[in-house]
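Colleague: Before we look at the model together, please take me through the terms one at a time, setting each value against its cut-off.

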Amino acid sequence: MMLQELIQEVSSARLFGETKIQVNGLAYDSRRVKKGDLFFALSGSQKQGRDFIQEAVRHGAVAVVGEENFETEVTRVEVANARMAMAKIAQRFFDFPDRQLQIVGITGTNGKTTTAFLTKHLLKSMGLRCGLIGTVCYEIGDCVEPATHTTPESCELYALLQRMVKENCRAAVMEVSSHALDQYRVGGVDFDVAVFTNLTRDHLDYHSEMESYFLAKQRLFAGLAQQQKPGAMVVNGDDERGQMLLKNFLLESDRKIIFGENVGDLRWELRGWHDRGCLAEFVYRGQHCSVALPLFGKFNVANAAAAMGAGLMLGGAFQELTQALESAPSVPGRLEAVPNVRGLKVFVDYAHTDDALRKALETLAQVPHRRLITVFGCGGNRDRSKRPLMGAVAMELSNRVYVTSDNPRFEKPESIIEEIVAGLKKGNGFEVVVDRRKQFVQHSMKRKRKILF
């Protein structure tokens, strides 16, 4: 595609140099530039995009997009916001795939992944071939790929959506992180439905305080009024921030669904438990339906309601959607049961905030057991303030706690663990195991047990 044609989508673009240039691809990482690419000089928290322009040109970039009066031997395009420009250019380069799909965007602190998997399952039950973009994986037709980011950068995002169109998908479900919204990764995407699960403390290493975090999330809903196709919203009415969203964005009643345990058009209730999950009842505008969900936890009933809301907004029938929930697949790492030869009840959960950990442990406390043992850690180079809070929750709700290392990134595991332990009450109810794999193997070798990782 010609450069002049691409930059028509960016109102602030000023072009300097040769104008008749063919662009073969898009790149924002100078190490991955190929001959004929348009390079975006993006500035991050630690490095400036202009520092990598020369490397990009050496690798074959034919033009550079950036925000400043930068120097380059090839054509340069100056814009007001390089990330937004990249999103708009990528959207055009990949032929507006978002406009050829029914797209559900899901944001919130907890529950995005489960809600996304459930929504995809429900849309499939409605006869819609559906793609998925999220924390666990990217699904394009019959192809499943490991995810690099919860929400990828706009170049990869629009490329994925275009692949879905080519694979005859009619819909796409997407987890939308606060980082993605703040960095315009979904800039220009026309969402058919925007879903809000909840908002609790998280990512304050990036957003600094809760109000900024909420404002980032709010962008998903602000965009509904600015896009070409009419968008709808599905919002958790039990959540305080969800109520604020409903006040801030006054959509017509047929373009919004409020779900909740105590309020809303779509109400849910946890009624009990069965071997593989819980029993729930849903009520939608006078219709009642009981469901045996293959998921554990009160919070997962709320996630199921969120997914149902998205399905209803895209034309699904209430009774058929509730029935489809009973055959929903398990969600990797979300209170996922781990089979074992000893018959123990072992679960793996992604909980990485104190609120998520509390909900997971409160759920497991209702499953018949003798002792509840929690093994957990906190990731490095992320919000440090939640570490003692997670420690306190684990200690409060467990019979025994093992504090260990969990993806320390560039921090010392011992330093992270020390901050977690600060939240634990004094006593003998916890133990620190920095390298859990090494300790577990040694323990098992002494007992001559076979280990399967």
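Colleague: Leaving aside its neighbours within four places in sequence, which residues is Thr 113 in contact with?

Modeller: This is a predicted model, in which local features need pLDDT of at least 70 and side-chain atom pairs count only at pLDDT 80 or more, while totals for chains, interfaces and linings use all residues. Residues are numbered from 1 along each chain as its sequence is written, and side-chain values use heavy atoms, with hydrogens and water left out. With that said, Thr 113 is in contact (heavy atoms within 4.5 Å) with Thr 135, Val 136, Glu 175, Val 331 and Arg 334, when neighbours within four places in sequence are set aside.

Colleague: What makes the link between the side chains of Thr 113 and Glu 175 a polar contact?

Modeller: A polar contact is a pair of N or O atoms within 3.5 Å, where, within protein, one must be able to donate a hydrogen and the other to accept it, and residues adjacent in sequence count only if both atoms are side-chain atoms. The side chains of Thr 113 and Glu 175 are joined at 2.9 Å, so the distance falls within the cut-off.

Colleague: Why does Thr 113 count as buried, and which helix is Thr 113 found in?

Modeller: Thr 113 has 4% relative accessibility, and because buried means under 20% relative accessible area (exposed is over 50%, partly exposed in between, with a 1.4 Å probe and protein chains only), the label applies. Thr 113 is found in helix α4, residues 112-125, where helices (H or I, at least four residues) and strands (E, at least two) are DSSP runs numbered from the N terminus.

Colleague: What is the relative accessibility of Leu 123, and how does Leu 123 count?

Modeller: Leu 123, which also lies in α4, counts as buried because its relative accessibility is 0%. Beyond residues up to four places away in sequence, Leu 123 touches Val 104, Leu 128, Cys 130, Ala 171, Val 173, Gly 311 and Leu 314. The C-alpha atoms of Leu 123 and Ala 307 are separated by 9.3 Å, although these residues are 184 residues apart along the chain.

Colleague: Why is α10 described as largely enclosed by the rest of the structure?

Modeller: In α10, 13 of the 16 residues are buried, so the helix is largely enclosed. Helix α10 (residues 298-313) reaches 23 Å from its first C-alpha to its last, close to the expected 22 Å, a figure that is 1.5 Å times one less than the number of residues. Just after α10, Gly 315 takes a positive phi of about 100°.

Colleague: How do you know that α3 is mostly covered, and how many of its residues are buried?

Modeller: Of the 12 residues in α3 (residues 82-93), 10 are buried, including Ala 82, Arg 83, Met 86 and Phe 93. The covering of these buried residues includes α1 (3-6), β2 (25-27), β3 (37-40), β4 (63-66) and α5 (154-166). At the start of α3, a side-chain oxygen of Asn 81 comes to within 3.1 Å of the backbone nitrogen of Arg 83, and just after the helix Asp 95 takes a positive phi of about 65°.

Colleague: Which residues have the most contacts inside the largest nonpolar core?

Modeller: They are Leu 26, Leu 161 and Phe 221, in a core of 55 residues. A nonpolar core is a set of buried Ala, Val, Leu, Ile, Met, Phe, Trp, Tyr and Cys residues joined through side-chain atoms within 4.5 Å. Leaving aside neighbours within four places in sequence, Phe 221 is in contact with residues including Ala 194, Val 195, Met 233 and Leu 245.
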